[in-house]
Amino acid sequence: MTFFRFDIDTRSRMAGRFIGRVRRELLKAIMEEKGGGLTQQELARRLEMRRPDINRQLSGEAEITLRSLADLAWALDREVTVERRRADGQAGQNIAPATSTIGYQPVRIIAPRIIAPKTSNG
């Protein structure tokens with residue numbers, strides 16, 4: 001069995017989380033508007049764009065520039081705000097609590113126990 005291990009540096013991790021939060025908030029705003037009948041086609045019409053381009057931005061297949069973000073917010077009748085704060089230093093999901101493995105046992109893979117079928121001695 002082949003295993004790959006790679007580390008994501010702090011800069012990349014923070015950038016990825018920020019991009020994820022922005023996309024999540026955009027999708028929440030769109031879902032709220034869908035209750036009022038907003039579709040990607042209507043959003044594209046408001047922005048004078050093609051629907052596939054909107055879809056790629058929202059799905060993460062295309063980059064969202066600050067201008068694109070501002071345009072999407074305008075089309076959704078929303079305002080974009082930015083909050084600056086210190087990064088949370090607590091370990092959480094996708095954050096290794098320590099980079100050292102000193103004092104830790106090797107990782108074990110626990111496979112489900114296979115029980116052999118009973119045979120009759122008859």
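View 1. At 47% relative accessibility, Glu-25 falls in the partly exposed class (buried means under 20% relative accessible area, exposed over 50%, and partly exposed in between, with a 1.4 Å probe and protein chains only). Lys-28 is partly exposed too, at 43%. Their side chains meet in a salt bridge, 3.2 Å from N to O (a side-chain nitrogen of Lys or Arg within 4 Å of a carboxyl oxygen of Asp or Glu). Both residues sit in helix α1, residues 10–34, and being three residues apart puts about one turn of the helix between them. Helices here are DSSP runs of H or I with at least four residues, strands are runs of E with at least two, and both are numbered from the N terminus. By the salt-bridge rule, the count comes to eight.

A quick note on what you're looking at: this is a predicted model, where local features need pLDDT of at least 70 and side-chain atom pairs count only at pLDDT 80 or more, while totals for chains, interfaces and linings use all residues. Residues are numbered from 1 along each chain as its sequence is written, and side-chain values use heavy atoms, leaving out hydrogens and water.

**View 2. Arg-78 reaches Glu-32.** Here the side chains of Arg-78 and Glu-32 form a salt bridge at 2.4 Å, N to O. Arg-78 belongs to the segment after α4 (66–75) and Glu-32 to helix α1, so this pair ties together parts that are 46 residues apart in sequence. Arg-78 is partly exposed at 32% relative accessible area, whereas Glu-32 is exposed at 53%.

View 3. Glu-42 pairs with Arg-45, and their closest N and O atoms are 2.6 Å apart. The two are three residues apart in helix α2, so about one helical turn separates them. Glu-42 is partly exposed at 23% relative accessibility; Arg-45, at 54%, counts as exposed. Elsewhere, salt bridges that share partners join Glu-32, Glu-33 and Arg-78 into one network.

**View 4. Helix α2 crossing helix α3.** The axes of α2 (residues 40–47) and α3 come within 8 Å and cross at roughly 105°. Axes are lines fitted to C-alpha atoms, for helices over the stretch in contact, and angles run from 0 to 180 degrees between N-to-C directions. The two helices are therefore roughly perpendicular to each other (65 to 115 degrees; under 35 is roughly parallel, over 145 roughly antiparallel, and the rest oblique). From α2, Gln-40, Gln-41, Leu-43, Ala-44 and Leu-47 meet Arg-51, Ile-54, Asn-55 and Leu-58 of α3, with contact meaning heavy atoms within 4.5 Å. These contact residues divide into five nonpolar, three polar and one charged (Ala, Val, Leu, Ile, Met, Phe, Trp, Tyr, Cys and Pro count as nonpolar, Asp, Glu, Lys and Arg as charged, and the others, Gly among them, as polar).

**View 5. Gln-57 and its surroundings.** Gln-57 lies in helix α3, residues 51–59, and is buried at 9% relative accessible area. Setting aside neighbours within four places in sequence, Gln-57 is in contact with Arg-23, Met-49, Ala-62, Glu-63, Ile-64, Ser-68 and Leu-72.

**View 6. Trp-74 on helix α4.** Trp-74 has its place in helix α4 and, at 58% relative accessibility, counts as exposed. Not counting residues up to four places away in sequence, Trp-74 touches Arg-46 and Leu-47.
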